[in-house]
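Student: Could we work through this model together, taking the strands and then some individual residues in turn?

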Amino acid sequence: QANYTIEFKTDGTFNAKADCNQVSGTYTTTSSNGLTIVPGPSTLVACPEGSMGSQYVAGLGDTASYAIASGALTVTLKDSGTLVFK
């Protein structure tokens, strides 16, 4: 998981690590734990074979909601998939 991270900032922006690339963008939340992430600029380094960087960024752009429990952030995608950050 160290190659796939996200840092949400209080100004509505985020920075993420998508394997060997850096991504930034914006996010919004709702009072019912809704979450929308809009990926923006990204570095374009060619990651090694087997990288999930492109899929990770696509997943970020497909978020629906979030939950925080037991020290973990779970982001639920529109297709019901999840991303878990500890």
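Student: Which strands stand at the edges of the open sheet of 3 strands?

Tutor: Bearing in mind that this is a predicted model, the open sheet has the order β5-β6-β7 with antiparallel pairing, and its twist averages 15° from one strand to the next. Two of these strands have a single partner each, so one side of each is left without a neighbour in the sheet. The strands at the edges are β5 (63-69) and β7.

Student: What is the bridge partner of threonine 63 in β6?

Tutor: The strands β5 and β6 run antiparallel and are joined by 6 bridges. For threonine 63, the bridge partner in β6 is leucine 77.

Student: What angle does the direction of α1 make with that of β7?

Tutor: The helix α1 packs on the sheet and touches β5, β6 and β7. Its direction and that of β7 make an angle of about 100°.

Student: Which residues have the most contacts inside the largest nonpolar core?

Tutor: The largest nonpolar core has 15 residues, and at least two of its residues come from each of β2 (13-18), β3, β4 (35-42), α1 (53-60), β6 (72-77) and β7 (82-85). As for phenylalanine 14, not counting residues up to four places away in sequence, its contacts include Ile6, Val23, Ile37 and Leu60. The residues with the most contacts inside the core are Ile6, Phe14, Tyr56 and Leu60.

Student: Is asparagine 21 buried or exposed, and which side chain does its own side chain join in a polar contact?

Tutor: Asparagine 21 is found in strand β3 (residues 21-29), and its relative accessible area is 10%, which is under the 20% cut-off, so asparagine 21 counts as buried. Leaving aside neighbours within four places in sequence, the residues in contact with asparagine 21 include Ala16, Ser42 and Cys47. Its side chain makes a polar contact of 2.8 Å, and the partner is threonine 43.

Student: Aspartate 19 and serine 70 both have a positive phi; which of them is buried and which exposed?

Tutor: Most residues other than glycine have a negative phi. Aspartate 19, in the loop between β2 and β3, has a phi near 65°, whereas serine 70, in the loop between β5 and β6, has a phi of about 50°. The relative accessible area of aspartate 19 is 13%, under the 20% cut-off, while serine 70 has 84% relative accessibility, over the 50% cut-off. Therefore the buried residue is aspartate 19 and the exposed residue is serine 70.

Definitions and conventions. Residues numbered from 1 in each chain as written. Predicted model: local features only at pLDDT ≥ 70, side-chain atom pairs only at ≥ 80, totals over all residues. Heavy atoms only, no water. Helix = DSSP H or I, 4+ residues; strand = E, 2+ residues; numbered from the N terminus. Buried < 20%, exposed > 50% of the residue type's maximum accessible area, 1.4 Å probe, protein only. Polar contact = N/O pair within 3.5 Å; in protein donor to acceptor, adjacent residues only side chain to side chain. Contact = heavy atoms within 4.5 Å. Core = buried A, V, L, I, M, F, W, Y, C linked by side-chain atoms within 4.5 Å. Pairing = 2+ DSSP bridges. Axes fitted to C-alpha atoms, helices over the stretch in contact; angles between N-to-C directions.
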